[in-house]
Amino acid sequence: MCFPLLPVSFFQHTRCPVLYFVQLLYFRHRCESVTAAAYPHHLPLQRGVHLFPFSSFLLPALEPSPSLPPTVSISYIPGRRPTKTMGLSNRNLLLISSSMVHGYGYLDHAADELKAILHSAVAKRVLFVPYALRDHEGYAEKVRAPLKQLGFEVESIHNASDPVAAVKDAEAIFIGGGNTFRLLKTLYDMELIEPIHCRALQDGVPYIGSSAGTNVATVNICTTNDMPIIYPPSFAALNLVPFNINPHYVDPDVKSTHKGETREERLRQYHEEPGTPPVLGLREGAMLRVQGDRAEIRGVASARLFRPNKDAEEYTPGSDVSFLLN
Ligand code: ASP
């Protein structure tokens, strides 16, 4: 049933019981449509609204806050028409180029950023996703130690009896590096793409990705450095940002006698395909911090941005690259 859109003031301060009841019905309807539009995948919330008939009282809490303007995220798969989806700019992401950087211990170069993103959400527990490597237990142990030192507990998703429920309960999600094809295939096989997408993009749960975990946070995995050792059902990834990242980005070595393509040449080949989005090359030590609609280069190294038919651009730590989110 479609009610006409009436200004809220129309009903304000009414003492008439009939009008008051109409107001309740009207607000409930508006609440449901706003919720359904803003949280298309968030079934529990929609169900909650249905179960609570006078949900008009909840309207201010459920209506998207004005500080969270809707964002458009665009899914790019080469050879297919880009598809647009609306989401809320609720993102709280830390996309790290690599966990290991020359001269630092494991994850040490990212310690301050890790603390900042987890404290921002008052998260104490981190749900680790070790699927990019074969040895899940060993990998979880490796990540547990540095995070424990920073004051956070690590629970690995491979130990969860219901991985989807673990994502829905997660205070923060950390997807580690390894083989990007294996990682993405496992996320599809375990039906985790949509739950992780919703938690990170809509619920604002901190998402930390390192290397392969950063690749899968983008529109697709076309700019990974990995070999396609296994075949995921699609290259489309979590789509938390509307562009690609190339982790471990390396500059051409002018003294090298190697004749294979440079990383830049490989990324240019990607951009020869029509409709491909920008690619942010993150050198080891660089990372991208995204908070809502703001994106900034962080870390101890800079990033190089590639766009179709444009010269590459350099961005040092501290640079604002929010334009990439539009
Ligand atoms: N294999 C890399 C990692 O996760 C990902 C990449 O280079 O694309 O460490």
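**Close-up views of a predicted model**

View A. The model is predicted: local features need pLDDT of at least 70, side-chain atom pairs count only at pLDDT 80 or more, and totals for chains, interfaces and linings use all residues. Residues are numbered from 1 along each chain as its sequence is written, and side-chain values use heavy atoms, with hydrogens and water left out.

**View B. Phenylalanine 128 and tyrosine 139 form an edge-to-face aromatic pair**. Rings of Phe, Tyr and Trp (its six-membered ring) pair if their centres lie within 6.5 Å; planes under 30 degrees apart count as stacked, over 60 as edge-to-face and the rest as tilted. Here the centres are 5.1 Å apart, with 90° between the planes. Phenylalanine 128 belongs to strand 4 and tyrosine 139 to helix 5, 11 residues apart; helices (H or I, at least four residues) and strands (E, at least two) are DSSP runs numbered from the N terminus. Both residues, phenylalanine 128 and tyrosine 139, are buried. Ring pairs also join Phe128, Tyr139 and Phe174 into a cluster.

**View C. Strand 4 (residues 125-129) and strand 5 run parallel, joined by four bridges**. Strands pair if DSSP finds at least two bridges between them. Leucine 127 is placed opposite glutamate 155 of strand 5. On strand 5 (residues 153-156), Val154 and Ser156 make up the covered face, whereas Glu153 and Glu155 make up the uncovered one.

Key
Buried < 20%, exposed > 50% of the residue type's maximum accessible area, 1.4 Å probe, protein only.
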